[in-house]
Amino acid sequence: MRGAGYVAWYPITTESADFSEGNSLFEVADRWKAREAGSAFKLALSLPGGSREATQTLLCGAEARGSSGQAGKDRGIQVECGWSPLGTVTPTFALAEYVDESKAPLKLFSLRGHETGASKYSNALEPATKFVSGWFGPPVAPIAIADLADPNSAPFESGTLLMASMAAEDSKLAGINLVHELVHSALPSSRPWVYEGLAHFAEALYRQEQGGRQAALDVLGLHRAAFLDAEKEAAAAAQKNAGEKSAGQPLSSTFDETYYRSKAAYVWWMLRDMAGDDALKQAIHKYRSEDDTDKNPKYVEQLIEAAAKRDLGWFFDDWVYRDRGLPDVHVQSVHPWQTEKGSQMITVTLENLGNAGAEVPFTVICEGGEVTTRIEVHAKSTATTRVEVRGAAREIVVNDGSVPESDVTNNVFQISAPQK
Ligand SMILES: [Zn+2]
C-alpha cells in the first residue's frame, strides 16, 4: 500500500491535467469517473499472518470479508473484493479490531470504548428504516457504519459503507447518517444526482420530521455555500466565452460532487415543494435505475409530472438538463385594494432577474398575522398573484431559504402605508 494517510493510489488513464490550471485536474478526474462509471473494479487483498492476539475484521465496502488473529494460529487473509459497476464509489477497505454489533440490514462495527456512540446507531435504526421505507421503499442491500479511531476525522462514504467516528454519541447525527445510507440501499441508481441527491434530500426531510421546516432548511443550508460558489464560477466563465449561456454542468449527467450532492439536494427539495409529498413519494416508488437510461432522458421528469399532474418541463430545463445558474427573485410591486365584500387584498408582482425559474414561497406580514403562499416565476420574467390579508400589509419576505438564489439581499420588501 502506498499513499498519504489512509489513501492508496491506483493509476487511471486520462488526457493530461495540470494542478496550476484552476479546476482542470478535477474536471479531468470527473470526466474519467463519468467514462468509467459502468466499469468493474477488482481488488485482491493479501494480508500476511502473524502473531496478532486480537481479532481484526476486514471490511471491503459494506461487506465483512474475513478476520484474522483468532486462536493463536493467524494464517492471514486472502480475499478478492469487487465493485461493479463502480459508479461514483471510491473503493474502500478497512481492517481494525472492530466490535461487531450488526443487526440486519445494518452492519455496525465499532471500536472499543465507543459503546455508547454505537448504541445511538442501534437505537436509531428502527425509526430511520420506517421513515426511509415510507418515502423510498424498503432497504434492499445491507448498509454498514464503521467507526473511525480519530474522533476528529471527517466522515467518509463508499457506496453503502459510511465510516464515521462514534465517539460523538450524537443520536441526531446517527439518525441522519442511517437515513442517508438506507436511501442508498433502497434506491440504487446509476445517476449520481438521483443516487446522492436523494440521500442528501432525505437527510433534510428527516430533520423536518423531528424539528420542523426550519431545521430541514438549516440542513440544506449546509450545502449552499459550496454550490453557490460553483454556480458563480460557471456564470463568470460563461461571461468570458460569450455565446455560451453557462459553463456549468447539467445536473442529469454530472459527476461533480458539488452538483450531484448539494445542488441535487435543493432540486429534490424544490420538486417536493412543487409536487407535494404524496406525488413525489409515488414517483420515487416507481423509479427504476434500469429505466433511467439515455433512451429516455426525461424519465424522472415524466414520473413526477404524471404523479403531480403538473407541467415541470420548464423547471427540469433550467435545473436538470442544463445549468442555467440561479434565480434572483424580488418584489417588483404591491397594490393593496378592497373587495366589494370588504375583505382586504393585495396584488403582488414578483420579478426573477436570474436565468433559472423557480416556484418561490413568499410571506406577507400584516397587522393580523402573516400569510404564506407560493408562485412560479420563470427566468427573466414577472408573475403576479393576489393574496387576501387580515389588516394592512406591512412587509413581504420572498423565499424561506428553500430556493437557492444568487442574491438574497433584495428579498425583504417594506410596504409603505396607504395614503388616505
Ligand atoms: Zn451517499
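A residue counts as buried if 20 or more other C-beta atoms lie within 10 Å of its own, as exposed if 12 or fewer do, and as partly exposed in between; the C-beta atoms are placed from the backbone. Helices (H or I, at least four residues) and strands (E, at least two) are DSSP runs, numbered from the N terminus.

This is a predicted model, in which local features need pLDDT of at least 70 and side-chain atom pairs count only at pLDDT 80 or more, while totals for chains, interfaces and linings use all residues. Residues are numbered from 1 along each chain as its sequence is written.

**View 1. K380 has a positive phi, although it is not a glycine.** The phi angle of K380 is about 45 degrees. K380 sits in the loop between strand 14 (369-377) and strand 15 (381-389). K380 is partly exposed, with 13 other C-beta atoms within 10 Å.

**View 2. K309 also is not a glycine, yet has a positive phi.** Here phi is about 50 degrees. Look for K309 in the loop that runs between helix 7 (299-308) and helix 8 (313-321). K309 is exposed: 8 other C-beta atoms lie within 10 Å.

**View 3. A cis peptide bond leads from S84 to P85.** Its omega is near -5 degrees. P85 belongs to the loop between strand 4 (77-83) and strand 5 (93-96).

**View 4. The peptide bond from A104 to P105 is cis.** Omega for this bond is near 0 degrees. Find P105 in the loop between strand 6 (99-100) and strand 7 (106-110).
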